[in-house]
Amino acid sequence: MGHQHPMLFDEVATAAVPIIDTFNSQDLANTVNAFAKMDHQHPMLFDVVATAAIPIIDTFNSQELANTVNAFAKMDHQHPMLFDEVARAAIPIIDSFNSQALANTGNAFAKMGHQHPMLFDE
């Protein structure tokens, strides 16, 4: 998919890490989504994004929540605390998830083997 340019993605990650605290929910979701779409591993970036996302997780909309966990799952990047926080944030807004977001979220949790009964019981 797309045009592979690993050096560019490494440079993007290097530039993003020190300023990640300036990223909003859409920036964080789009960043990991882009890396996942290009199948470009950068564990440090994913860890930094998770750390930045957790305190602002309640600002994420349904698509941003779904895209974030989907990217982590696609890259097989474990971050149980992020998944717990996404589940917590998703439950009150689950009615705003469209079919794609629901499918992507469910698939991400299943792929990572991350169980959250309250999310899947709602």
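This is a predicted model: local features need pLDDT of at least 70, side-chain atom pairs count only at pLDDT 80 or more; totals for chains, interfaces and linings use all residues.
1. Nonpolar core. The largest nonpolar core has 38 residues, and the members that touch the most others are Leu-28, Ile-57, Leu-65 and Leu-82. At least two residues of this core come from each of the helices H1 (6-16), H2 (25-37), H3 (43-53), H4 (62-74), H5 (80-90) and H6 (99-111).

2. Ser-25. This residue lies in helix H2. Ser-25 counts as buried because its relative accessibility is 8%, and buried means under 20%. With residues up to four places away in sequence not counted, Ser-25 touches Ile-56, Thr-59, Phe-60 and Glu-64.

3. Geometry of the H2 and H4 pair. The axes of H2 and H4 are 8 Å apart, and the two helices pack at an angle of about 30°. The crossing of H2 past H4 is left-handed.

4. Composition of the H2 and H4 contact. On the H2 side, the contact is formed by Ser-25, Gln-26, Ala-29, Val-32, Asn-33, Ala-36 and Lys-37. H4 contributes Glu-64, Asn-67, Thr-68, Ala-71, Phe-72 and Lys-74. Sorted by class, the contact of H2 with H4 comprises five nonpolar, five polar and three charged residues. Ser-25, buried as stated above, is thus also listed among the H2 residues of this contact.

Key. Residues are numbered from 1 along each chain as its sequence is written. Side-chain values use heavy atoms; hydrogens and water are left out. A nonpolar core is a set of buried Ala, Val, Leu, Ile, Met, Phe, Trp, Tyr and Cys residues joined through side-chain atoms within 4.5 Å. Buried means under 20% relative accessible area, exposed over 50%, partly exposed in between (1.4 Å probe, protein chains only). Helices (H or I, at least four residues) and strands (E, at least two) are DSSP runs, numbered from the N terminus. Contact means heavy atoms within 4.5 Å. Axes are lines fitted to C-alpha atoms, for helices over the stretch in contact, and angles run from 0 to 180 degrees between N-to-C directions. A crossing is left-handed if the near helix is turned anticlockwise from the far one by less than a right angle, and right-handed if clockwise. Ala, Val, Leu, Ile, Met, Phe, Trp, Tyr, Cys and Pro count as nonpolar, Asp, Glu, Lys and Arg as charged, and the others, Gly among them, as polar.
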